[in-house]
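Reader: Please take me through one part of this model in detail. I would like the ligand site, then the helix packing that follows from there.

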Amino acid sequence: MLYHSTRNKEFYVDSAEAVLEGLAPDGGLYMPRELPAFDWKKCLTGTSQQMSSMILSALLPDISDMDDLVAKAYTGKFETEALTPTVPVGENFVLELFRGPTSAFKDVALSMLPQLLTAAKSLKNEKKDILILTATSGDTGKAALVGFQDVPGVRICVFYPDGGVSQVQRAQMVTQEGSNVAVCAVKGNFDDAQTGVKQIFTQCQGKELPFSLSSANSINIGRLAPQVMYYFRSYRDLLDAGKIKLGDRVNFSVPTGNFGDILAGYLAKRLGLPVGTLICASNANNVLTDFIRTGTYDRRRPLLKTTSPSMDILVSSNLERLLYLLSGDTALVADLMEKLRQDGAYTVPDSLKEAIQKEFWAGCCDDARAAKVMGRVYKEQGYLCDPHTAAGFAAAEDYAAATGDQTPLVILSTASPYKFPAAVLSAIGGDTSGDEFQQMDRLHEITGVPIPTPLATLRGKQERHTDVIEKEKMLDYVMSL
Ligand SMILES: *Cc1c(COP(=O)(O)O)cnc(C)c1O
């Protein structure tokens with residue numbers, strides 16, 4: 001099966017090469033030329049690992065031994081063998097994606113990506129080590145470190161903004177074990193760290209280096225494809241609970257940043273799963289809400305800092321993949337992306353806007369509303385959710401009010417409430433004094449909800465990575481590894 005750039009069908013590679021390269025040479029994202037025929041009903045009968053293996057084999061057919069790779073990625077690493085459980089909350093359901101080793105939904109993808117990458121590497125006879133370079137605003141860094149820890153033939157270096165991540169997020173990263181990992185603080189903000197990483201990629205292009213560079217972010221199809229599984233898992237859980245019959249449609253509300261999570265839901269639908277409406281939930285950075293409602297994408301606005309930082313984003317990279325999937329027109333996508341680069345905005349043709357609105361609905365919610373939602377869901381349903389998930393609840397409410405749609409609805413939960421203890425405590429009326437670890441304890445005392453083991457055991461762990469550098473020194477740092 002061939003993959004080509006979303007911007008030009010002439011740039012094509014096989015699925016292993018797509019995983020290895022990440023980004024197409026023209027800056028486009030790799031997409032399959034056509035989606036494979038898929039026995040979605042059979043897929044629903046498997047365990048989570050079998051579902052994952054079947055979906056990944058269909059999407060990445062050049063990579064063999066998928067059962068083994070999936071077992072290596074997931075066995076014993078998540079709280080449950082279901083990996084991503086679905087639980088009833090009020091009239092709706094919550095798909096908990098945060099039961100992995102770092103308590104963030106990125107674990108589902110970043111546990112699998114290293115396996116796909118090393119398999120692709122050996123298939124392509126790539127002898128050099130791969131160096132994964134990542135700038136993080138918190139969650140991606142830790143999930144990538146855990147996923148790549150001690151994976152042979154791969155090294156990983158994570159840069160985070162000094163003082164720009166939460167106390168727990170910093171503790172998660174600087175205590176990371178593994179012989180192939182480096183973690184370094186950069187004096188500057190997240191944009192400085194990300195710009196620095198991009199510059200390293202540019203500066204290294206075409207140079208003879210002892211390693212080949214790669215990235216762990218969701219532009220890589222090897223990070224996107226593993227996320228399709230949990231839509232199948234959740235559908236199956238509703239079937240088993242007698243909430244739906246095979247073939248009934250299910251809607252999903254997805255807290256969205258870079259559009260990877262929700263796009264995986266659309267891929268599940270294209271593989272046959274009876275997905276109804278995909279509800280795109282944003283925070284106060286509501287570029288996507290405006291886009292899905294009007295057809296105009298406009299990034300020319302300030303980036304707001306919110307209590308759901310993983311959704312603080314103005315350019316959602318994976319939206320490009322949706323534009324391609326729904327139009328099939330690489331020239332159009334190339335043109336829109338060029339407009340975004342030059343003008344900071346673009347408008348899609350009406351036909352494309354209508355195609356998007358047929359599949360997606362969009363809602364957004366600011367911090368004050370997210371806090372109200374967290375408080376109410378806890379009080380009325382006894383369910384504790386984090387601020388990202390709260391945006392999913394809010395968009396689902398708005399969707400129900402606007403459409404009256406009675407289709408069963410699943411809200412994706414993307415982080416443990418214990419990753420954002422101050423915002424959650426304050427939402428349920430708790431005292432927010434003290435440091436984040438004290439807040440975690442208090443949240444536990446009030447609610448009785450268990451603290452995830454990976455977070456509970458952070459305290460007192462040895463700090464292994466204490467480097468802090470100027471942003472101009474990032475390339476030197478990488479070369480010294
Ligand atoms: C990354 C992340 C998101 C956004 O997911 P995308 O795939 O980028 O849309 C939402 N919530 C949390 C907690 C995240 O870490």
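**Ligand site and helix packing**

Author: A backbone N or O atom of glycine 257 sits 2.7 Å from an oxygen atom of the ligand. This is a predicted model. Aspartate 261 also places a backbone N or O atom by a ligand oxygen, at 2.9 Å. Threonine 414 uses its side chain: an N or O atom there lies 2.9 Å from a nitrogen atom of the ligand. In total, 15 residues surround the ligand. The closest are Lys106, Gly257, Asn258, Asp261 and Thr414.

Lys106 leads on to the helices. Helix H5 covers residues 106–123. Its axis comes within 8 Å of the axis of H6, and the two cross at roughly 40°. H5 and H6 are therefore oblique to each other. The crossing is right-handed. On the H5 side, Lys106, Asp107, Leu110, Leu113, Pro114 and Leu117 make the contact. They meet Thr140, Ala143, Ala144, Gly147 and Phe148 of H6. By class, this contact has seven nonpolar, two polar and two charged residues.

H6 (residues 139–148) also packs on helix H7 (residues 167–174). Here the angle is about 25° and the axes are 9 Å apart. That makes H6 roughly parallel to H7, because angles under 35 degrees count as such. This crossing is left-handed. H6 contributes Asp139, Gly141, Lys142 and Leu145. H7 contributes Gln169, Gln172 and Met173. The contact of H6 with H7 has two nonpolar, three polar and two charged residues.

Conventions
Residues numbered from 1 in each chain as written. Predicted model: local features only at pLDDT ≥ 70, side-chain atom pairs only at ≥ 80, totals over all residues. Heavy atoms only, no water. Axes fitted to C-alpha atoms, helices over the stretch in contact; angles between N-to-C directions. Helix = DSSP H or I, 4+ residues; strand = E, 2+ residues; numbered from the N terminus. Parallel < 35°, antiparallel > 145°, perpendicular 65-115°, else oblique. Left-handed = near helix turned anticlockwise from the far one by under 90°. Contact = heavy atoms within 4.5 Å. Nonpolar A, V, L, I, M, F, W, Y, C, P; charged D, E, K, R; others polar. Near = heavy atom within 4 Å. Polar contact = N/O pair within 3.5 Å; in protein donor to acceptor, adjacent residues only side chain to side chain.
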